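Please consult the sequence and the coordinates alongside the points below.

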Amino acid sequence: MRQLIRNIRIFDGTGSAPAPGAVLIEGDRIVAVLADDAETVHLAVDFVIDGQGGTLMPGMVDSHTHLTWGSSVEKIYHQFILPADELKVAAWRNARVLLDHGFTSAYSAGALGDHIEPELARAIAAGETPGPRLVPSTLERSPEGEEGVETGDVFNGRGAQAMRDFVAYCADQGVQSLKLVISGEDALKPGSSGDILYTDEEMQAAGEAAKEAGLWIATHAYSPRAIQLALEAGARILYHCSFADEAAIDAMVAHKDQIFYAPGPGVSVAALEATPPPHINMASMKASAAERLELEAVLVPELKRRGVRVLIGGDYGFPFNPNGRNARDLEHFVTRFGFTPAEALSAATMLGGQLMGLDVGQVRPGYLADLLLVDGDPTQDVTIMQDASRIKMIMQGGKLHKAPVTEPVTA
């Protein structure tokens with residue numbers, strides 16, 4: 001089927017200003033980006049979508065996704081660990097919620113249930129349930145007996161062979177990216193962000209095994225040593241990195257063509273905003289959030305200036321930071337890190353597509369037709385993207401998840 005989207009301004013994902021144009025789609029891919037509607041007069045198409053002057057842009061990519069962290073804008077859970085049947089319901093719901101809010105792709109940063117994300121990724125790919133294109137993970141792995149990061153029990157033994165076994169298990173289950181928790185977490189155990197949870201030998205074994213298996217590695221890393229271990233293991237994406245020193249920054253820059261970085265401001269801002277009931281003590285979490293945001297306000301612009309690919313994705317899924325609010329990261333990048341709205345949108349589209357390893361994230365011939373039609377210009381006001389009602393069309397692979405008015409072509 002050939003579809004034409006006309007009467008639009010196109011933000012192509014690269015960061016360039018939107019420009020008038022039209023987009024021709026055949027099957028699941030973009031086949032032409034035209035300079036103006038006059039070029040479309042003699043095209044043979046099956047459907048025409050009138051964009052009514054809105055902004056056409058690539059679907060967004062969340063680089064730090066937790067679909068099994070149950071809370072969403074549609075349903076809040078006040079317990080973190082859910083029964084297996086409810087966890088599956090929540091994960092399937094959260095996938096659809098992300099797509100409803102314009103996220104057509106997502107890179108998992110770890111799951112709270114085993115097997116669940118590979119199953120969900122297969123169901124999405126088969127069209128059995130709506131959701132973003134998903135790079136699935138398994139349980140976040142932290143070594144047995146380490147305090148502060150409780151992520152489940154899957155091959156949490158020590159030593160190089162345990163790491164190789166874990167990677168082999170992930171490959172067998174259909175996982176594409178394994179999540180390794182290298183640093184502690186101050187929000188859960190004050191003062192632990194400097195703790196290193198793995199030995200050099202364990203990280204080396206994980207990196208070698210993942211490379212042999214064709215898997216990616218995502219890392220929870222705060223301290224300079226944790227960052228170095230992640231880089232030495234060949235990690236694809238590093239999360240947080242808040243306490244990076246000059247040497248760690250230099251090392252990240254030296255690996256800028258191999259890595260992606262997602263600071264995750266969403267959870268920090270939400271923690272500071274949260275007003276929990278009296279029996280919930282978030283003092284440690286709030287203190288950690290304030291410290292991280294202060295450090296990242298310097299770190300993130302410096303890494304961006306030096307060419308490191310900085311992506312949105314902010315640990316959504318907590319009751320105080322539910323899935324569906326993910327586009328808030330765009331605003332945080334502008335107000336806290338000094339990005340222009342167009343740069344923040346590019347981080348969420350073009351750079352996110354590079355992380356996914358797919359032809360997504362740009363309005364470009366040959367790319368998958370994962371597209372949003374937005375009422376207004378988010379390159380002028382990026383907060384528009386937080387209002388799902390302003391997203392008038394959501395297209396994924398040429399199929400409409402959310403349809404605007406379409407005009408069937410008559411002979």
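Which residues line the largest cavity? The model is a predicted one, and the lining consists of Trp-69, Gly-70, Ser-71, Tyr-77, Gln-79, Phe-80, Leu-82, Gly-317 and Pro-319. The structure also holds 18 salt bridges, among them the pairs Asp-359 with Arg-29, Arg-158 with Glu-202 and Asp-250 with Arg-306.

**Cavity**

- One cavity of 30 Å³ or more is found when the whole structure is searched.
- The volume of the largest cavity is about 40 Å³.
- By residue class, its lining comprises five nonpolar and four polar residues, and no charged ones.

**Salt bridge Asp-359 to Arg-29**

- The closest N and O atoms of Asp-359 and Arg-29 are 3.2 Å apart, and the two residues form a salt bridge.
- Because Asp-359 belongs to the loop between α11 (350-356) and β13 (371-374) while Arg-29 belongs to strand β3 (residues 29-34), this pair ties together parts that are 330 residues apart in sequence.
- Asp-359 has a relative accessibility of 35% and therefore counts as partly exposed.
- Arg-29, with a relative accessibility of 29%, likewise counts as partly exposed.

**Salt bridge Arg-158 to Glu-202**

- A salt bridge with an N to O distance of 2.7 Å joins the side chains of Arg-158 and Glu-202.
- Arg-158 is located in the loop between β8 (133-135) and α3 (160-173), and Glu-202 in helix α4 (residues 200-213), so the contact ties together parts that are 44 residues apart in sequence.
- Is Glu-202 buried or exposed? Its relative accessibility is 3%, so Glu-202 counts as buried.
- Arg-158, by contrast, is partly exposed, its relative accessible area being 40%.

- The side chains of Asp-250 and Arg-306 form a salt bridge at 3.0 Å, N to O.
- Distant parts of the chain are linked by this pair: Asp-250 is in helix α6 (residues 246-254) and Arg-306 in the loop between α8 (283-305) and α9 (328-337), 56 residues apart.
- Which residues are joined with this pair into one network? Salt bridges with shared partners connect Asp-250, Glu-302, Arg-305 and Arg-306.
- Asp-250 is at 33% relative accessibility and so counts as partly exposed.
- Arg-306 also counts as partly exposed, at 26% relative accessibility.

Notes:
Residues are numbered from 1 along each chain as its sequence is written. This is a predicted model: local features need pLDDT of at least 70, side-chain atom pairs count only at pLDDT 80 or more; totals for chains, interfaces and linings use all residues. Side-chain values use heavy atoms; hydrogens and water are left out. On a 1 Å grid over the protein atoms alone, a cavity is a set of points where a 1.4 Å probe fits but cannot get out, and a pocket is an open set with protein on both sides within 12 Å along at least five of seven lines; lining residues have an atom within 4 Å of a point. Grid points are joined across faces, edges and corners, and a volume is the space filled by probe spheres set on the points. Ala, Val, Leu, Ile, Met, Phe, Trp, Tyr, Cys and Pro count as nonpolar, Asp, Glu, Lys and Arg as charged, and the others, Gly among them, as polar. A salt bridge is a side-chain nitrogen of Lys or Arg within 4 Å of a carboxyl oxygen of Asp or Glu. Helices (H or I, at least four residues) and strands (E, at least two) are DSSP runs, numbered from the N terminus. Buried means under 20% relative accessible area, exposed over 50%, partly exposed in between (1.4 Å probe, protein chains only).
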